[in-house]
Amino acid sequence: MSVLLVSTMRIKDPAKLAEYRRAVGPMIRARGAELVCKSDNKVTDLAGNLNADSVVIFRFESMDALRNWYDSPEYQELVALRDEGSEGEFAVFEE
């Protein structure tokens, strides 16, 4: 069963976030994930307050594939850079 990784971020340091994204994008795609949506500074609330500058959605073939990427030493090395560049949430939804 495929899963969607939904990332909502509030940007703290655009340069550090850009560095994180340059590294993480190819890493995720190399693990077979597909970019579904990327919206920077174009988030429009219809109801409530999303409170995000950026929303990114990736589809992974399974929860195991997602965890294989997220728990990998390569990704974990980027977590500090992600946190310096942004604050936000990751949520996973099964399709």
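N51 is partly exposed because its relative accessible area is 45%, where buried means under 20%, exposed over 50% and partly exposed in between, with a 1.4 Å probe and protein chains only. N51 belongs to the loop between strand 2 and strand 3; although not a glycine, N51 has a positive phi of about 55°. The model is predicted, and local features need pLDDT of at least 70, side-chain atom pairs count only at pLDDT 80 or more, and totals for chains, interfaces and linings use all residues. Residues are numbered from 1 along each chain as its sequence is written, and side-chain values use heavy atoms, with hydrogens and water left out.

Helices (H or I, at least four residues) and strands (E, at least two) are DSSP runs numbered from the N terminus, and two strands pair if DSSP finds at least two bridges between them. The model contains an open sheet of 4 strands in the order 2-3-1-4, with antiparallel pairing. Strand 2 (34–40) and strand 4 (86–94) are at the edges with a single partner strand each, so one side of each has no neighbour in the sheet. Direction ignored, neighbouring strands of this sheet are turned by 10° against each other on average, with axes taken as lines fitted to C-alpha atoms. Strand 1 (residues 3–11) and strand 4 are paired in the antiparallel sense over 9 bridges. T8 stands opposite E89 in strand 4.

Helix 1 has 17 residues and reaches 24 Å from its first C-alpha to its last, close to the 24 Å expected at 1.5 Å a residue; the expected span is 1.5 Å times one less than the number of residues. At the N-terminal end, D13 caps helix 1, with a side-chain oxygen 3.1 Å from the backbone nitrogen of A15. Helix 1 is followed by G32, which has a positive phi near 90°. The buried residues of helix 1 are L17, Y20, V24, G25, M27 and I28. Their cover includes strand 1, strand 3, helix 2, helix 3 (73–76), helix 4 and strand 4.

A nonpolar core is a set of buried Ala, Val, Leu, Ile, Met, Phe, Trp, Tyr and Cys residues joined through side-chain atoms within 4.5 Å. The largest such core has 19 residues, and Y20, V24, I28, F60, W69 and Y75 have the most contacts inside it. Two or more residues each come from strand 1, helix 1 (14–30), strand 3 (54–60), helix 2 (63–70) and helix 4 (79–85). Helix 1 gives the most to this core, with 5 residues. A second, separate core of 5 residues includes L4, V6, A52 and I57.

Contact is defined as heavy atoms within 4.5 Å. Not counting residues up to four places away in sequence, Y20 touches M9, Y75, L78, L81, R82 and F90. R82 lies in helix 4 and is buried, with a relative accessible area of 12%. Leaving aside neighbours within four places in sequence, R82 is in contact with M9, Y20, Y70, Y75 and F90. The side chain of R82 also makes a polar contact with the side chain of D83 (3.1 Å); a polar contact is a pair of N or O atoms within 3.5 Å, where, within protein, one must be able to donate a hydrogen and the other to accept it, and residues adjacent in sequence count only if both atoms are side-chain atoms.

K12 is found in the loop between strand 1 and helix 1 and counts as partly exposed at 49% relative accessibility. A polar atom of the K12 side chain lies 2.8 Å from the backbone oxygen of D83.

Conventions:
Axes fitted to C-alpha atoms, helices over the stretch in contact; angles between N-to-C directions.
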